[in-house]
Amino acid sequence: MVGKSVLILDENTASRNFLANTFLEKQFKVRVAASGKEALLIAWRNEPDLILFDPVLSDIQAEELIQKLRTHPRTIQTPLVALSSDPSPARRESCLNAGVYEYLVKSAQAIPALEETLNRLFGTEKPTEIVSSAGKKTGLLIVFLSAKGGTGTSSLCANLAMNIKLAQPEARIVVADLVLPIGSIAPIVGYEGELNLATVADLSSGQTNIEYFYKNMPEPELWQFQLLPGSPDPQHGNILKGDRINEIVETLRSAYDFIILDIGRSLSRIGLPLIQKANLITLIVSSDQSTIKLTKTIWDYLQTQGIDSQKMYVILNRAVGLEGLTKVQAEEMLGLTIKTAIPYMGGNFALANNLHQPITTKYPTDTVSIILKETAENMVKLARLQRAQQNT
């Protein structure tokens, strides 16, 4: 934590000074503000690593303060922690829904609780205790889907999840493979274990709690995320207890900072509700006309289900060659902006998959590795922005 910076916002002088001294002892760079408006100016000018604030303010509503911080490019990714003089559940829920990372109440237990929060944010180790989801915001839900096979959706899902972890090293990330009837991420990352979506769905709700997922889900070597593998074969896929999927995903959202779902081509009764509640929908297309036409059909349907174009993150992946439509032509047919175009990698794309290695690890200097890194960062920013806007 040495060298990290914190902005402390508290109207109470004694509380403000006490917290400032506490962080100075931890070798933080400390800045303080006595009002919400002053805090906004300091935050946008100095871009602290953490903003700690009492949401009881006289010059601005806490929700408005959070919304301004969450939507400004300089503070969109800054962790916001409330150390509040208001213990009411209504205030807690309001702040968490607006985008606060943690809501703590001023008390004798506040400083130890704050220590745990700092360790989760800036520590190098995962916490040894399972933190209750009560009082924490749910994780960002990012869904990957496509209209047609062969677009490299599962590979991009795994590779972008890995790059999100690189960009957010303190975050807990889980990838859940919901492609049916056979999952497709396990072969990419090299997982061959027994645990999978079907076996987890067979367990009771009481068994599949937060601690269960932390302890049992595999973390494939090199990939840096935990994986809920998909169905291993059609038999398991066909007997899958579909009514358990939404419950499992909600438990994952209470346990992880990023929940990344590979839905593939599924717009079923299982997939659609997850798409509707996602903070970001990553739509993978290829450059051939047939895929673009099918994708347009999918997009037209999603609009009838209340999906806004602002939640869409379209990626054009030239997985099979250089031929096909240009980015501009594909955008005109889709009626959507393509945010990222992945260039053709020749045989390197398949080789990385066959070796169970992330593209960024196998080809660190390749243009695609740079694009994946930038795409992951942009996806995180947009997902957070969408969540902030949904909660206002």
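How many bridges join strand β7 to strand β9, and do the two strands run parallel or antiparallel? In this predicted model, strand β7, residues 173-177, is joined to strand β9, residues 258-264, by five bridges, and the two strands run parallel.

**View 1. Strands β7 and β9 lie within an open sheet of seven strands.** The order of the strands is β8-β7-β9-β6-β10-β11-β12, and their pairing is parallel. Strands β8 (226-228) and β12 (338-342) stand at the edges, where each has a single partner strand, so one side of each is left without a neighbour in the sheet. From one strand to the next, the twist averages 20°.

**View 2. Phe-225, Leu-252 and Leu-261 touch the most other members of the largest nonpolar core.** This core holds 90 residues, and helix α17, residues 367-390, gives the most to it, with eight residues. Leaving aside residues up to four places away in sequence, Leu-252 touches Val-174, Ala-176, Phe-213, Met-217, Leu-228 and Ile-259. In soluble globular proteins, nonpolar side chains tend to be buried together.

**View 3. Tyr-214 and Tyr-256 form an edge-to-face pair.** The structure holds four aromatic pairs. In the pair shown here, the ring centres of Tyr-214 and Tyr-256 are 5.5 Å apart and the ring planes stand at 75°, which is over the 60 degrees required, so the pair is edge-to-face. The pair links distant parts of the chain, since Tyr-214 lies in helix α9 (residues 210-216) and Tyr-256 in the loop between α11 (245-255) and β9, 42 residues apart. Both Tyr-214 and Tyr-256 are buried.

**View 4. Strands β1 and β2 run parallel and are connected through a helix.** Five bridges join β1, residues 5-9, to β2, residues 29-33, and Leu-7 stands opposite Arg-31 in β2. From β1 the chain passes through helix α1, residues 13-25, to reach β2, and this β-α-β crossover is right-handed. Leu-7 also belongs to a second, separate core of 22 residues, which includes Ala-43, Leu-80 and Ala-98 as well.

Methods: Residues numbered from 1 in each chain as written. Predicted model: local features only at pLDDT ≥ 70, side-chain atom pairs only at ≥ 80, totals over all residues. Heavy atoms only, no water. Core = buried A, V, L, I, M, F, W, Y, C linked by side-chain atoms within 4.5 Å. Buried < 20%, exposed > 50% of the residue type's maximum accessible area, 1.4 Å probe, protein only. Helix = DSSP H or I, 4+ residues; strand = E, 2+ residues; numbered from the N terminus. Contact = heavy atoms within 4.5 Å. Pairing = 2+ DSSP bridges. Right-handed = clockwise from strand over helix to strand, strands pointing away. Axes fitted to C-alpha atoms, helices over the stretch in contact; angles between N-to-C directions. Phe/Tyr/Trp six-rings, centres within 6.5 Å; stacked < 30°, edge-to-face > 60°.
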